[in-house]
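Trainee: I have a structure open and would like to learn how to read its features one by one. Could you walk me through it?
Mentor: Gladly, let's look at it together.

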Amino acid sequence: MAVRDLIIVGAGPSGLSAAIAAKEHGLDYQVVEQGALVNSIYHFPPQMVFFTTPELLEIGGLPFVSPYEKPTRAEALRYYRRVVDTFDLQIAFEEKVLSVSRETDDGAELFAVETRSMRMAPSTGSDRAERGEHRRVRHGRFVALAIGYYDHPNVLNVPGEDLPNVHHYYGDPHPYYRQRVVIVGGGNSAAEAALDLFRAGAHVTLVHRWPQLKSTIKYWVKPDIENRIKEGSVAARFNTCVTEIRPTAVVVRGAAGLEELPADAVFLLTGYHPDWKLLAAAGVALDGRGVPTHDPETFETNVPGVFVAGGALTGKDTAPIFIENGRFHGEKIAEAIARRRGT
């Protein structure tokens with residue numbers, strides 16, 4: 001049985017940082033990623049511009065050179081591809097981690113990381129193989145969960161949330177030209193989507209449960225969306241909550257009572273959260289806000305040998321952790337493991 005020193009779950013900036021540091025410390029590591037490289041960034045809207053400057057996205061000391069003050073999604077994807085090539089990182093793509101559990105081998109404590117890959121596996125005659133599904137168990141002495149939070153949207157738990165015209169992610173505005181679009185949320189994602197859709201010819205209504213937009217909206221976006229709302233180009237309903245979604249309308253409750261907003265498409269841009277089920281199943285304790293118990297110096301959880309990095313640390317409030325500070329977590333994790341391994 002092959003046993004790695006470290007299995008890193010997630011090939012985002014935090015996971016890549018951990019891999020680079022693990023390699024520098026001589027650790028035998030493997031990165032397992034359920035999608036593409038920096039999968040969350042890949043699924044951002046194509047026109048997205050980062051809030052930060054290029055150097056604050058750098059990992060491994062590799063310069064991020066951009067002609068712009070604020071780098072674009074395309075530039076970030078290109079940069080992180082260059083990171084992987086430069087450091088020749090070992091990454092298994094399209095392999096989703098299903099569980100992390102303890103095992104004992106000849107008296108040694110190990111972790112069994114069960115994964116599922118949808119890449120075509122050798123045919124065995126089973127239904128699972130027919131679908132191209134392949135399961136395996138990877139073993140490691142330590143595990144770092146750099147799983148982010150973008151894969152798990154916060155749901156409203158209202159009737160109609162599963163309708164086909166309801167989306168938790170925003171991409172391209174073109175399909176919504178001359179359509180009635182309701183956006184639920186009051187942060188960056190909602191504001192940027194509202195502006196993008198409005199300028200692409202959609203009829204946009206923004207619904208937010210609080211009396212005003214979030215103060216954390218990008219400084220160049222906030223006045224833009226506020227002015228569009230003020231002039232009526234983007235309709236807005238503040239202090240308003242969604243009670244039901246129908247095929248052609250959204251029912252909301254505000255100060256004036258129930259109101260039905262016409263909607264051909266609905267974007268529920270209400271934030272995201274880490275995979276709490278995976279963390280809890282691995283034995284990681286979560287507080288009332290969903291933040292995993294961890295040592296702030298080493299990022300080791302209450303489960304000895306299991307570490308968390310980046311967005312996995314956020315719980316319900318994702319604002320405090322982002323690429324700019326999460327990129328350093330992997331270095332500390334690798335250092336802690338190297339000390340314990342004596343490398």
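Trainee: Where is G140 found?

Mentor: G140 lies in strand β6, residues 134-145. Helices here are DSSP runs of H or I with at least four residues, strands are runs of E with at least two, and both are numbered from the N terminus. This is a predicted model, in which local features need pLDDT of at least 70, side-chain atom pairs count only at pLDDT 80 or more, and totals for chains, interfaces and linings use all residues. Residues are numbered from 1 along each chain as its sequence is written, and side-chain values use heavy atoms, with hydrogens and water left out.

Trainee: Does G140 count as buried or exposed?

Mentor: Buried means under 20% relative accessible area, exposed means over 50%, and partly exposed is in between, using a 1.4 Å probe and protein chains only. G140 has 0% relative accessibility, so it counts as buried.

Trainee: Which residues is G140 in contact with, leaving aside its neighbours within four places in sequence?

Mentor: Contact means heavy atoms within 4.5 Å. With those neighbours set aside, G140 touches V3, R4, I7, L110 and F111. As for I8, its C-alpha is 9.5 Å from that of G140, although 132 residues separate the two in sequence.

Trainee: What about H152, where is its place?

Mentor: H152 sits in the loop between β6 and β7 (166-167). Its relative accessibility is 26%, so H152 counts as partly exposed. Beyond its neighbours within four places in sequence, H152 is in contact with Y169, Y272, H273, P274 and D275.

Trainee: Now helix packing. By what are two packed helices described?

Mentor: By the angle between their axes and the distance between the axes. Axes are lines fitted to C-alpha atoms, for helices over the stretch in contact, and angles run from 0 to 180 degrees between N-to-C directions. Take α1 (residues 13-24) and α3 (residues 73-87): their axes come within 11 Å and cross at roughly 15°. Angles under 35 degrees count as roughly parallel, over 145 as roughly antiparallel, 65 to 115 as roughly perpendicular and the rest as oblique. The helices α1 and α3 are therefore roughly parallel to each other.

Trainee: Which residues make that contact of α1 and α3?

Mentor: From α1 come P13, L16, I20, K23 and E24, and from α3 come Y80, V83, V84 and F87. By class, this contact has 7 nonpolar, no polar and 2 charged residues. Ala, Val, Leu, Ile, Met, Phe, Trp, Tyr, Cys and Pro count as nonpolar, Asp, Glu, Lys and Arg as charged, and the others, Gly among them, as polar.

Trainee: How does α1 pack with α9?

Mentor: The axes of α1 and α9 (residues 329-341) are 7 Å apart, at an angle of about 35°. The contact involves S14, S17, A18, A21 and A22 of α1, with G330, E331 and A334 of α9. By class, that gives 4 nonpolar, 3 polar and 1 charged residues.

Trainee: At what angle do α5 and α6 cross?

Mentor: Helices α5 (residues 188-199) and α6 (residues 222-231) cross at roughly 55°, with axes that come within 10 Å. That makes α5 oblique to α6. A191, A194, L195, F198 and R199 of α5 meet D224, I225 and R228 of α6, a contact with 5 nonpolar, no polar and 3 charged residues.

Trainee: To finish, how many helices and strands are there in the protein chain?

Mentor: The chain has 9 helices and 15 strands, and 48% of its 343 residues count as buried.
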